[in-house]
Amino acid sequence: MSYQLYRNTTLGNSLQETLDELIQSQQVTPQLALQVLLQFDKAINKSLASQVRNKMNFKGHLNTYRFCDNVWTFVLNDIEFRDTTDVITVDKVKIVACDGKGLPN
């Protein structure tokens, strides 16, 4: 079982909308659509863990934090993100961090 965090990304939402259309037109079954989503969850988690090597530093003011069901959630205010060339500032950001090492493939 993989985390389903990335279903709410642009790519994940587009996939879900397409699968809903295919279900409505009876081109795929709901069971097959669920299998596609589960495969998406596994693939996106594996790809991000193994292929993304960029690093970014950030600092800001911690508003709230929570640890529940092995998932950290942080809400920060007045954030400054830095990489080697750019600086981006935002008013508020929510970070959700999950331990991917404990998940089976």
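Biologist: Which residue forms a salt bridge with Arg 7, and how far apart are the closest N and O atoms?

Modeller: Bear in mind that this is a predicted model. The partner is Asp 41, and the closest N and O atoms of the pair sit 2.5 Å apart. Arg 7 lies in the segment before α1 (10-24) while Asp 41 belongs to helix α2 (residues 30-51), so this pair ties together parts that are 34 residues apart in sequence. Both Arg 7 and Asp 41 are buried. As background, side chains of opposite charge can pair when their charged atoms come close.

Searching the whole structure turns up two salt bridges. Arg 82 counts as partly exposed because its relative accessibility is 42%, between the 20% and 50% cut-offs. Glu 80 and Arg 82 also turn up, along with Phe 81, as contacts of Val 87, leaving aside its neighbours within four places in sequence. Val 87 itself is in strand β3 (residues 87-98), and at 45% relative accessibility it counts as partly exposed.

Most residues other than glycine have a negative phi. Asp 78, in strand β2, has a positive phi near 50 degrees. Asp 69 has a positive phi too, of about 55 degrees; Asp 69 is in the loop between β1 (57-68) and β2 (71-82), and its 70% relative accessibility makes it exposed.

Note on methods
Residues numbered from 1 in each chain as written. Predicted model: local features only at pLDDT ≥ 70, side-chain atom pairs only at ≥ 80, totals over all residues. Heavy atoms only, no water. Helix = DSSP H or I, 4+ residues; strand = E, 2+ residues; numbered from the N terminus. Buried < 20%, exposed > 50% of the residue type's maximum accessible area, 1.4 Å probe, protein only. Contact = heavy atoms within 4.5 Å. Salt bridge = Lys/Arg side-chain N within 4 Å of Asp/Glu carboxyl O.
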